[in-house]
Protein chains: 4
Amino acid sequence: MSSALIAVIAGVGAGTGAAVARKFSSLYPVVCLARNPDNYNDLVKEINGNGGKAIGISTDISDSSSVKAAFSKIGDEFGKDYSIAAAIFNASGGFARKPFLELTEEEFQTPLNVSARGAFLFSQATLPLLLNATSKSKYPPSLIFTGATASVKGSALMSSFATGKWAVRSLSQSLAREFGPKGVHVSHAIIDGVIDIPRTKEWLKDLGPEAKISAEGIADSYWHLHTQPRTTFTWEVDIRPAVEKW
Amino acid sequence: MSSALIAVIAGVGAGTGAAVARKFSSLYPVVCLARNPDNYNDLVKEINGNGGKAIGISTDISDSSSVKAAFSKIGDEFGKDYSIAAAIFNASGGFARKPFLELTEEEFQTPLNVSARGAFLFSQATLPLLLNATSKSKYPPSLIFTGATASVKGSALMSSFATGKWAVRSLSQSLAREFGPKGVHVSHAIIDGVIDIPRTKEWLKDLGPEAKISAEGIADSYWHLHTQPRTTFTWEVDIRPAVEKW
Amino acid sequence: MSSALIAVIAGVGAGTGAAVARKFSSLYPVVCLARNPDNYNDLVKEINGNGGKAIGISTDISDSSSVKAAFSKIGDEFGKDYSIAAAIFNASGGFARKPFLELTEEEFQTPLNVSARGAFLFSQATLPLLLNATSKSKYPPSLIFTGATASVKGSALMSSFATGKWAVRSLSQSLAREFGPKGVHVSHAIIDGVIDIPRTKEWLKDLGPEAKISAEGIADSYWHLHTQPRTTFTWEVDIRPAVEKW
Amino acid sequence: MSSALIAVIAGVGAGTGAAVARKFSSLYPVVCLARNPDNYNDLVKEINGNGGKAIGISTDISDSSSVKAAFSKIGDEFGKDYSIAAAIFNASGGFARKPFLELTEEEFQTPLNVSARGAFLFSQATLPLLLNATSKSKYPPSLIFTGATASVKGSALMSSFATGKWAVRSLSQSLAREFGPKGVHVSHAIIDGVIDIPRTKEWLKDLGPEAKISAEGIADSYWHLHTQPRTTFTWEVDIRPAVEKW
């Protein structure tokens, strides 16, 4: 087997993760990471059925041994000399929107672990393999972090989510500065709005059919980031529906 | 003649403006505005020679009667019911990098006029025609402003440039909030680095062949902004070479 | 007459300007600049009646000859070797909150002239005299710019105000970087809310007696900025009522 | 014993923490928290010797049971109905400035725990007692977080420090928005430069005697924040030496 060049997506669910996996599967075998296999099983079948290549691995991105095991399985699948052309960190812990003094320590810590430690573990696992890809990949290898409104705004009642998202944005900036000159393109996307997924089907209906962000639109923007040449790297984009108030 | 759908670029020179004109000429007739016809004459010939359609109009973007005259000529050329699919404001006045107390009032005012008043006049001239395009254009009509490092940082000695660039960034944000819900996509691009044009040929050579921003890369990113659907509008991107220190 | 050390406030009205003049008059003779003498006449009498020293000069801060005339009068009053311990730029043009396409060029340009050109002219007039004060003033000489919510947010319909405020913020940052090392303390204050003045007496009453910013509180914060030593300069503060939504 | 009104400082060392403790001891009994008693023993003696009142408690601010034990001891000392007039979070874990791929998980996690979890635990412990103080304290009760350059910039090689500092800044903004309307003044100070303490004695000597931030200057600014009335709350200030490049 010649050396494989793959895409890895952490935090695959119904929205951004799935759309990104579909988009990047047009050029790369894709690995879908999520804690719950229900989040990727149908997607993996769909991509494989459409002539692409995909595998799913149940992974707790905030746990170093789980992350290690996942990348060991990826090596089993793609050979020891595989490289990563694109790594997308799309994980977010569920969080509690509630008055600060009602938060338990666990409610504060768990989303922070998924966001900040998860982003750290995912970056440490993928960056050596992204660096390996610089000479092999048509496009500069990409490490893309999915952010949110809460990545740039600490709203009242949102501290359990926002602290981790600010931490990830910070990490992405440090990594962009360190790894850009080494040829890895590190980006951060502020997704500012509600994504159009089954769970949000009934939301914002009064604002019309375009009030929610299309996950495919996000995937197209991630693909654009991925295809930017070394002379023209974007660190950050924001993305929102035309009708969004901001 | 059926109603035309065109692109208008203000501030066409050797770099971003020319690359954007070439890129957008693949789908639209393009109008190139610059004070000095030398800045667009060859480009207009080139585009027309390659099967595209381009015209150039000598325009002082900071002068309302000059802007009015330019759009009157555009109407003469494309018919009274033309619309604008993409308007790119890429103008910048020359500026003096010098100690603040050595700046003359004119040295402070002129680049501010080009940036802030120019952006105002260009936006007022194009927005009605961009709004007209919402039902005709395949892609949401786009109004894109070219920014710089100085759009987000007021460095010492750079006040004559930065004040206007901050003003333009502010204007672009106000317009994005007002016109996004009406279907016009307003964006701002922070071009953070030196653009690779004949004038900068000898700059940054020690940093290698990719130390300067490719104008074509910028044009590709503007095109990506233009093709984003209404569910997925980006207001701001930053663009810099992989090797840039920031 | 020994060399005078004075404070100059541009944009004296019922709120911040008057409170700052009163506060700084405890240590310095104060010069109040405003276009309309009604804005400072009573204040000047009040300060002089309370044992302080104040003069008012009718000045159009956006007009270079008017600014020149004002500083000539200050020289007549305080002697040719006077210095400035504190210069506060508090001017804002009235502006039209309206849809962008309904703005006249004058409605856009006039507040921009007051903010951006006014700040430029005021800074050029005061900085040489602030530099002169570095060896004479107990506290590092201060140049303070009053900003607003619109200094950091370009809201829809607010472009005629925000563009100038962003420009001033940018200028203040460039000047802080250039003149800090020379001993002049340049600051910018984001006043984020409604100031409690006669004109706003009936506003926000349902939010209680503390829903509006006290001009005296702003003046106290400006005084604190003025008294910071060279080891501890603040460029920017934000100020808002405890109950403000932001 | 009548109900006590105290100040609590987490992260007392040679610089900011000690200066803040001295400053606030002029009005309040102060509690000094640090892991290592060497960091506060002399200070506590000094304050008590100068007619103030201080106690020190060895505390691991990133550990909930240690924090709980500390506040239990504070209750033993000051009575069950004490309130907090000022709580200052000044803790920072030591961190490794090194290439990202050389960081161990522990090197990344430990400073994040001190910053983000520490700020969470300290805020949860102090906010109920700050809320209690709103009717008793002359000045609005204050919760102040000490930030750094790394609170707003994710530099290369600094990710193990910056991620936690961004998280704390985010938390401080969420808390300012939630607790401001309840009368607690939450602030964040960006300390942008080297603080003048014994450990940094030899640093930056070529830039002159004022190249380092005076901890007393920081304490004066924190005191100013504390004394701001409810009409005039500042969330954020930046502080740096006049000569600092930024």
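Biologist: How do you know that the copies, chain A and chain D, meet through the same surface?

Modeller: This is a predicted model, and in it 100% of the interface residues of chain A are also interface residues in chain D, so the copies meet through the same surface.

Biologist: Turning to another pair, what is the area buried between chain B and chain A?

Modeller: About 2,700 Å² is buried between chain B and chain A, and carbon and sulfur atoms give 54% of that area. On the side of chain B, B:T231, B:A242 and B:W246 supply 25% of the area buried against chain A, more than any other three residues. The contact takes 30 residues from chain B and 30 residues from chain A.

Biologist: Why is the pair B:E210 and A:R230 called a salt bridge?

Modeller: The closest N and O atoms of B:E210 and A:R230 are 2.5 Å apart, and the rule asks for a side-chain nitrogen of Lys or Arg within 4 Å of a carboxyl oxygen of Asp or Glu, so the pair qualifies. Across the interface of chain B and chain A the rule finds two salt bridges, as well as 18 residue pairs in polar contact.

Biologist: Which element gives the most to the side of chain B that touches chain A?

Modeller: That is α6(B), with five residues.

Definitions and conventions
Residues are numbered from 1 along each chain as its sequence is written. Chains are lettered from A and ligands numbered from 1 in the order in which they are written. This is a predicted model: local features need pLDDT of at least 70, side-chain atom pairs count only at pLDDT 80 or more; totals for chains, interfaces and linings use all residues. Side-chain values use heavy atoms; hydrogens and water are left out. Contact means heavy atoms within 4.5 Å. Buried area is the accessible area (1.4 Å probe) that two parts lose on being put together, summed over both. A polar contact is a pair of N or O atoms within 3.5 Å; within protein, one must be able to donate a hydrogen and the other to accept it, and residues adjacent in sequence count only if both atoms are side-chain atoms. Helices (H or I, at least four residues) and strands (E, at least two) are DSSP runs, numbered from the N terminus.
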